[in-house]
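Work through the exercises below with the sequence and the model at hand. Each task is followed by a solution in steps.

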Amino acid sequence: KFDEMGKKLSTFRGKHNINTNSGSKGFNTDIKDISASTVEFISPSAGIDLIPNDFENTEFKKNLILNDNNANVNVLTDVKTESEVTVALNEKIATNWKPEQSLYGEGLRFDNNRKFHGIEDSPYPLPADLEEHDRLEIQHIIIKHSFGRLFTMPIVELLSESGTKVLDVGCGPGSWVRDIATTYPQADVHAVDIVKSLFDGVESLPNITFASGNVLEQLPYSDNCFDAVLQRFLTGGIPKVEWDKTILELYRVTKPGGYIELIEPDVCQKLGSMGEILIGGIYKVLKLRGLDVEFASHMKSRIEGLGLNVESETVRLFPIGWEGKFGDMNKRNLEMFAYSMKPLMMKSLEVTNEKYDEMVNEMKLEFSENQTFFNVHSVVIKKKYERNDILVNEKIVENCKLEKPQLPVIEDTRNNTLLSHSGENNIYSLPADIVEQDRLELQHIIVKQAFGELFKMPIKDLLLIPDKIILDVGCGSGAWTRDVATTYPNVKLHSILLRALMQKILVPDNYFDAVFQRFLTIGIQKIKWDDAINELKRVVKPGGFIELVEYEEAQNFGPTGLILIESILETLGSSGIDRQIAVNMKTRMENAGLNIQSENIYSLP
């Protein structure tokens, strides 16, 4: 197909006296050329052509000039196009659009002759049909050739070992798992997606297993299951507020010592006027639907904010419509992407079928003129327990239980005192005895002196009003509750154990005037923090306050302290806690829709 395209390019360049030698600088790729055999199986979509045959007779007159600096084509627009003037985005349609339910098959939807999955509440806007299958195959080839390999994880030797388990999340047509299974026939390759319609045929390979599943809910695999996990190009399928949960779900199914690779595209740069309308419009629609189109640019910091170990980050530049065959493939992919978005965008922009096609064709002419490009980011995470040559025994940590019979838990509604921790799913690892009570009392005094007060919420005047209701979550020894009750005798104070929060607080919505919670990092798993914050949000009154107080990890240890404390933290981390919750707390609360009044940070030497 690219041999045919090359002839068209030669004819086109000769007709307009354009130098065929590219002198552009700054683009770096290991791939010098893409052989025709590599792309032989690609099926061109109807109505899509890399170079229009009637280029000289395009609707909008343009002048072609040669830029001597880079020997590429610059297209100067003489007149303002009609579409630039009249096209506007209907945000209501863009936000609420769904393809129509099919009468011919349960779980299928159709729009503008394109087939979509029927998964309710899924934000993924792209089709699940043969045309999209072809686009994803092209996209796979582009990614593979840009990075020069199938992955950037350091797992080549691992894949040579029999029984190594690999997972592709959001596998689409299975292009990546097919190549992995063929290249490493001894590997045990798994693929998961919300629908199987694109995957048919790949599963015939003996070492590939497909499963239906949604990473936004829970993957159908046990903890610590895979040696390597890949997820790529799901920016259009994962809501902005769900990325932390998604990354932690991938982390959950990865074995200690295993790797996770996320590959995501950033937004297009240097678009022309029509590209800004069409591709820029697509970005705006995706944002309206709760998606983070710029996730790739802050993916590394987002992962590090979760306390995960980033092994490497690789960034590749993808030229669109320039820099030879590689740029032409990217142009084809983006064009097909625009057509995959057509059912949604045609309605959102309120244009006709014919007008949308004209807009796509005009956009294609702008790519080489502007040297449009986008970057693709790959971030590799390593899941590990090892620290300073001390290896935490994972099996002991996972199976650790109290050997002595547990005392019953004593609760009341005013001032709970916890004598012991019970419950099979309890991850809180500190004791519940008189020695720990003394430590909690001392901790309370230290924090109170550091803050200079019992709380930072602006509620001192409020607490002078009789019958205001305050909640202390995870009250421990009750030191904070006791001091507040003594200082403000008119207040009604309630205390609950941590496990009450993780189940459900047995009060109606909008019940408390203020809620206070502190130092529960080791009692709440990473994947439960959003649920915990939303539960606090549920029980506080409109206009009320929530205060969370948590430690960051201690710093500047000596060698022995580092070994001991870091080993403790690694052990706690194996139970699923969020070691970085203090750093991420503000962001998590904002993601829950809470209005941040203040954030205060104190150094405790």
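**Exercise 1.** List residues that Cys268 touches, not counting residues up to four places away in sequence.

Solution. Take contact as heavy atoms within 4.5 Å. Cys268 then touches Ile279, Tyr283, Ile320, Leu334, Thr372, Phe373 and Phe374. This is a predicted model, in which local features need pLDDT of at least 70 and side-chain atom pairs count only at pLDDT 80 or more, while totals for chains, interfaces and linings use all residues. Residues are numbered from 1 along each chain as its sequence is written, and side-chain values use heavy atoms, leaving out hydrogens and water.

**Exercise 2.** Find which residues have the most contacts inside the largest nonpolar core.

Solution. A nonpolar core is a set of buried (under 20% relative accessible area, 1.4 Å probe, protein chains only) Ala, Val, Leu, Ile, Met, Phe, Trp, Tyr and Cys residues joined through side-chain atoms within 4.5 Å. The largest has 66 residues, and the most contacts inside it belong to Phe151, Trp176, Cys268, Leu278, Ile279, Met341 and Tyr356. Helix α8 (residues 273–288) contributes the most, eight residues; helices are DSSP runs of H or I, at least four residues, and strands are runs of E, at least two, numbered from the N terminus. Apart from this core lies another, of 29 residues, including Phe226 and Trp243.

Notes:
Buried means under 20% relative accessible area, exposed over 50%, partly exposed in between (1.4 Å probe, protein chains only).
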